[in-house]
Amino acid sequence: MMLIGYARVSTHDQSLDLQKDALEKAGCEKIFTEVGSGAKADRLQLKEAADFAREKDTLVVWKLDRLGRSLKHLIQTVNELHDRRIGFRSLRESLDTSSASGKLFFHVFGALAEFERDLIRERTQAGLVAARARERCGGRPRLLDGKKLQMARALIQDRATPISDICTTLGCSRATLYRRLDLQSTGLTGGPC
């Protein structure tokens, strides 16, 4: 059973010394270090640390935010470690998934994150239903409303005005004009919005 440390700072201006000292004091035999934003998906040293770890080893970080760029990513990473029977420990939060209380804490953490995602999804759906009830939709406003489409049809049928001039007058591209005219002719207007 080996303790494997992982330390990360966001920029070269920051120092890894504090994290490395804490990881060494905790008994980490090998420490992987990295300089890079936590938002980056491809953190090579974190991947190397996880690949280096064997069953019953423990990956140790100084603080939770050193491991995951978001709660979802943090939970995903720890679950991947768990699937490989590798423990996880965060020194600052006193979290250790190899203990029963650490596992419980982490599962509660994961459940709260899932609950938050469900609440956001429900609020979004409720907002969309309310907007549709008021005949409002999100997205970009249409460049060509009914009056502009009628004007475009009249100008096109007249054939005296070039399509490029019609588009300039209406403030739209040729593709938009053709697409809206085609939708109008087939009866597909895209609904009330």
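## Charges, rings and a packed helix

The charged end of K30 lies over the ring of F32, at 5.2 Å from the ring centre, and the charged end of K30 also sits over the ring of F52, 5.7 Å from its centre. A charge is taken to sit over a ring if NZ of Lys or CZ of Arg is within 6 Å of the ring centre and within 35 degrees of the ring normal. The model is a predicted one, in which local features need pLDDT of at least 70 and side-chain atom pairs count only at pLDDT 80 or more, while totals for chains, interfaces and linings use all residues. Residues are numbered from 1 along each chain as its sequence is written, and side-chain values use heavy atoms, with hydrogens and water left out.

Side chains of opposite charge can pair when their charged atoms come close. With a salt bridge defined as a side-chain nitrogen of Lys or Arg within 4 Å of a carboxyl oxygen of Asp or Glu, the count comes to six salt bridges, including those in the table.

| Salt bridge | N to O distance |
|---|---|
| D65 and K63 | 3.9 Å |
| D65 and R66 | 3.1 Å |
| R121 and D118 | 2.8 Å |

K63, D65 and R66 are linked in a network of salt bridges. To describe their surroundings, buried means under 20% relative accessible area, exposed over 50%, and partly exposed in between, using a 1.4 Å probe and protein chains only.

R121 and D118 are three residues apart in helix α4 (residues 100-133), which separates them by about one helical turn. R121 is partly exposed, with a relative accessible area of 48%, and D118 is partly exposed as well, with a value of 29%.

In helix α2 (residues 44-52), the residues L46, A49 and A50 are buried. Seen down the axis of α2, its buried residues fall within an arc of 95°, so they line one face of the helix; the arc is that of the directions from the helix axis to the C-beta atoms. The buried residues of α2 pack against β1 (3-9), β2 (30-35), β3 (58-61) and α3 (71-83), where contact means heavy atoms within 4.5 Å.

Notes
Helix = DSSP H or I, 4+ residues; strand = E, 2+ residues; numbered from the N terminus.
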